[in-house]
Every structure is written in structure tokens, then in C-alpha cells.
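Open the model in a viewer and follow the selections below in order.

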There are 2 protein chains.
Amino acid sequence: MRTRHSKLFVPGPTEVRPEILQAMATPQIYHRAPEFSELYADIQGKLKRFLNTEGAVFLFTASSTGAMEAAVQNCVKKKCLNLVNGAFSLRWHEITAGCGIPCEALTVPWNVAIKPEMVADKLRSGQFDAVTLVYNETSTGLMNPLQEIAEVVRKFPDVVLLVDSVSAMGGVKIEVDKLGLDVCLAGVQKCMGLPAGLAISTASERALARAKEPPFRSYYWSYTEMMKYHKKNQTPATPSIPHLYALNAQLDAMFEEGLDHRFARHDAMARTVQEWALKHFAMYPEKGYWSKTVSCIENTRNISVDKLSDELVREHGVLISEGYGEIKGKTFRIAHMGDLTVPDVRGLLATIDGILGL
Amino acid sequence: MRTRHSKLFVPGPTEVRPEILQAMATPQIYHRAPEFSELYADIQGKLKRFLNTEGAVFLFTASSTGAMEAAVQNCVKKKCLNLVNGAFSLRWHEITAGCGIPCEALTVPWNVAIKPEMVADKLRSGQFDAVTLVYNETSTGLMNPLQEIAEVVRKFPDVVLLVDSVSAMGGVKIEVDKLGLDVCLAGVQKCMGLPAGLAISTASERALARAKEPPFRSYYWSYTEMMKYHKKNQTPATPSIPHLYALNAQLDAMFEEGLDHRFARHDAMARTVQEWALKHFAMYPEKGYWSKTVSCIENTRNISVDKLSDELVREHGVLISEGYGEIKGKTFRIAHMGDLTVPDVRGLLATIDGILGL
């Protein structure tokens, strides 16, 4: 097994600072003891401030995929509209179908953003009671227009909006209550800068009410069960306690950096990579929808991405990512998320310049 | 928040050795990189040897409750018989019902073991295609006769046996293939001596075949999805990578200790606590079924368990557990699992003697 760590410029898991790794090594506590509830309450207050919500913020011991499953299992009672323009929004459609939930995909090409009017057109049929949207498609580096789509969905009072912000949360400002998001979920191994293994999910009053209506599809993902324990500052089952310590420490660090500074840093990293990409290659997603946290670059020079990746790892100890699924080879991805910095990104780009002779 | 760690004699989370806590702090790797697959394969080989199985051993990023849900969602197509004699076997019934799966509970008093003939009687009706059994009831310190029940279930070729070995795995020998267990699952925060946040679940060929039949109820818990990635030494979603490092290190430590020695240590700890309990109190479960990993002691002296617990924590930095649910106050529990030792247990008992003047 390799003993030298490669610095991660892949879109999750991302680099984790040593202080946060050390928080993972905190000795275990009993999940029914008062000190656990203190920890839970402490995190809860910080998450509400961080996500601009007065609602509950659930902590699922799960990958993001689990929180995506929870959202549709709790909130869809009639039929779900899955907005699909990438691998993870397609996965959400597969999850919905895989749970036996009636659903339909609205699919556009992977380099094209979902437009609010497309959503409005679909919802006018009256057959849907929920919409799933991936805010930032990790597979394509495309940010869908969350605010505009949320405004459209809000015009349909019986439709809940479920948002995957997996590779956005922690990298861009999300105002959950102001936007009226019924569920806003993420894994912590992306812009949150934590090790993989925990998912965060908000739940609006409407989402909680939906969860109480039949059909019931799960115990582990049940918002109703989560809420019962949430009120006691506990979780229904023993959670990943190491992740709670790390999350608590990282939220403190985020406030210490300043959230505005954190988001500006992500913006600056994104612009740095975009400028470089436009000079030497092209951006894969349509203009106006480039992600602030991961850039998907079109391989216009027809370089061997595999060869480039290999050399970056072997000679320089840095890891970038190939294109995902159907755009493998045609694209490559550079993530600029979490606790990475502009100098980190500049160093990577200069190294690629050296290898490719740019 | 308290800064002094209390040594855990609660039945999970249990004490974790500092070396294992440090393994949790290993820098992150990319879950689609070759080094991840090496780690996964390494763990897989060790788990097969540890659990005496040739089948797949899935790693769910979840609490045990999640793996319990996965088992019934994948393996019950007709109707499930939930064997209930404690809080966690009752929970498995609630999970099954909560997933909308047809089920029936066979309930006996909490201090009574499930007997093989009770199971045979039920299965003869022909209405069930699955049985859930909690091997070691954490809530009552009762070990159900796994081998005898497995022998009975094997006589019904269309019935799969799903076993929760949450607080047994790592403390007693489990021969998955020899016993013909279709699913054998556990969380790692009990006798495995790891931090909470990961669940282990075996799956027999029969279980995998069941998972391919409709109805399909989940994507995250789908054995079929798990198997697709398992073949590549990967997981469908980003798993808790810290837990994989810790599990790998702990399996090495278990083999170094020697599995037989590990199980004998648990046996010796159990006998130490049982002898003490019989001298001063009484054992809660019926004779012949006392757990090797957690003792549930009947409060025959009518002591204040709360007061005892408080003094143990405040004055001595050790934590024991009250009775669970309906037997709170009437019982208390001392766990002797994971990496605790006979001297640890003796020290605890002597301390209790001092407080109670025994």
C-alpha cells in the first residue's frame, strides 16, 4: 500500500486539515450521556447559523446517497420530478425509482443547466408533489440556478423542493429558509472539509409534515424518528461520534475564518482555474453556470488525462480527477473546495503547465 | 463540556484503544483510487477469515440499525417473523413494519430466551420467508441459542435467517457459513472495539438472490448495488474512510491477540461479573443464556442505580449503564466487551463494592 499521501484535488473526498483529523481521534462517549447531548446541541446551533435556517438539521450516519434516499422516502407521496443533468442527479432518479417511488426524470444534456421555465412547465401538469435538484453537479462542474428554480417551485404550494447541495455546502452561501428549501442535504467530505462518513440534512416544517403521512418506507431514514430524538439532542441510533467531534471543530474554524471569506476564497479559486482553463482548454458546462467548487474542463487538446494524472501523482503527489461516466476522457476535473487555498490551486496549475509544456 | 474522559463499561460505544483512535485520523484518500481498492480488499480478506465465511462482507456507512433495515428490505418478499425478547429485537420488528414489510412478532418475556421449538412452530405455518434474530440482546444481557435456532430454520429451505450480532461480533466466535446464516450483521462500536459509525453485514448467496427479486425498497441498502461495487473492491457511495482504516488496524490487532484468546478473554470477563452479581444481586436473564459480553443485573438490593452511576463517573471516571426501557431501575448493566480486560472489570467491581459497602 502507498505510504505517501497524495494531496486531493478531486471533488471529494477533499483534503482534511490535521487538526480536524485529530478531532476524529477523540475518545468515545456514551451516546445517551448528557455530554453527548451537549455536543449535539452545540453542533445544532452552529449548523442553523451556518445554513441560515430555524428548522432542524439532521445528522445521518451515512453517505450523501443515504440522505438523498431519505429525502424522497419521507417527502414524496404522489410523484417526484427528478431534474437530471449529470451523474448525481441521474443517481437521485435511480434512487427514487429504486425505492419504488413514482417518478419521472426531466433530462437535459449534461453541459446544460436546468432552467426555471422547464421546471414550471412540468409542474403545471399537477401530477408532482416533489422536485429533486442537484445544486452543484460534481460530475460536470455545473451549478444549477438554485434561487430561480426555488422561486418557481414556490409558486406550486403542494410541491416540496429537495436540494442536493453535496459539493456546494461550505463553499457557497446557502440561505435555506429564505429560499424556501424543504430539504437541503450534503455529505461532509466536500466543501465542508471533513472526512467522509456523515450527511447533513435540513428539514422544513412541510418536509416533517410530509414524513408523517403514509406510505412509510423506512425506519432508519424516517424524519419522524429523527425528530423524536432530535428534541432530546440525540439520534435514534448510535451515530458516528468521531464525525460529530470533527464537524463541531470544523464549524468553529469556519466561523473563525468568516463565512464570507470562505465563500470568497472558493470564488477566487474557481476564477483562477476558469481563467487557466479558458486559456488552454475550454469549460465543459455552458457559460454562466460554472461551479464555484469544482471545474470540469473540456479536453480540447486531446491530451491523455490518464498519463497526466499518473505523472501528477507519481512525481508531484497531487491527485486530480478524470471525467465522470459518459464524459470520461473528454473532460477532466479539478476540485477547489473545502480548505484548499488559492496558492494550492496556483501550484497545481503551474505543475500541469510544466508537464504539458503550456 | 466535560474534559475528562470516562472509561466506558456501557454496552457500546465501548472503549477504543489510542492506536485505533489514531487510525481514524489517517489522511483521506480518493475512494475511486487503486489504494482505496487495496484497503478494501485487505479488509475483506480479514473479515472473511474473522467471520468464517466465503461470502461477501458488506461495509455499510451506517449505524447497526441501518444494516438491520437493509437485511429485511433485501431479504423479505413474503412475510417476516421477528423474534422479540428485548429492546433491539423489538426495534427490528418496528423497522420491518416501518418499511411497510409484512411481518409478525413472536414475543417472549425479556428475561426469557427464544427456544428453537417456538421458531419451528411458527415456521410450520408456511407463511414466512424470513426470520430475524438478535443473537445477543444488548438491552437484557441475554444470548439466544443461535446454533439451535439456526438448525431449526435450516429445515425450512425457503426461509432465510437474518442475525443481528451487534453486541456479539468480536466477543464470541461466529461461524457464519457453518451455521448457515444468510445475514450476520453488527456495528463496530461494541465488541469490535472501534468508534461508532460503520456496520458490517455478511450476505449469503441466498440473500443476494433474494435481493434481486421484487419488490425493491431501497438503493442505499441494496445488496445488488453493493455487490456491483464490491466486485471492484469499492462501495457504491463514498464510505466512512476513517472507519475503514481503523477496522483494518483493529482486525490486525485481533489476529495478533489471537481470536481464541480474544473470545476466552470475553468469557473470563463475563464469568467475573456473573460471579460478583450472583454474590450480591441476581442475573436478570434466565440461567443458561447469560451474555458473554454484557451482564444485565437484577437490582435485588433496590439500590439507586442513578446515584451509583453518578458517583462512579464523578469520583472514579467510569461509566456503567442503567437498565434499558421497561427494565430501567429494576436492572443495571455492566459491559465487558471489546478491548476491556479482566483487570479492568475487577477494578470496576471493587470500586462498586467500595461505594455500596459490599
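The tour goes from the chain contact to the symmetry axis and then to one helix.

This is a predicted model, in which local features need pLDDT of at least 70, side-chain atom pairs count only at pLDDT 80 or more, and totals for chains, interfaces and linings use all residues. Residues are numbered from 1 along each chain as its sequence is written, and chains are lettered from A and ligands numbered from 1 in the order in which they are written.

Select chain B where it meets chain A: 52 residues of chain B are in contact (C-beta atoms, placed from the backbone, within 7 Å) with 52 residues of chain A. Helix 3 of chain B (64-75) is among the elements that give two or more residues to this side, and its four residues are the largest share. Of the interface residues of chain B, 100% are also interface residues in chain A, so the copies meet through the same surface.

Next, superpose the chains on the C-alpha atoms of residues with pLDDT of at least 70 in both, by least squares. A rotation of 180° with 0.0 Å of shift along its axis places chain B on chain A (RMSD 0.0 Å); that is the relation of a two-fold axis. Select B:Ala62, whose C-alpha is the one in chain B nearest the axis, at 2.5 Å.

Now select helix 6 of chain B, residues 146-154. B:Leu146, B:Ile149, B:Ala150, B:Val152 and B:Val153 are buried (20 or more other C-beta atoms within 10 Å of the residue's own; 12 or fewer is exposed). The buried residues of helix 6 of chain B pack against elements including helix 5 (116-123) and strand 5 (130-134) of chain B. On the face turned away from the buried side, look for the exposed B:Gln147 and B:Arg154.

How values were computed:
Two residues are in contact if their C-beta atoms, placed from the backbone, lie within 7 Å.
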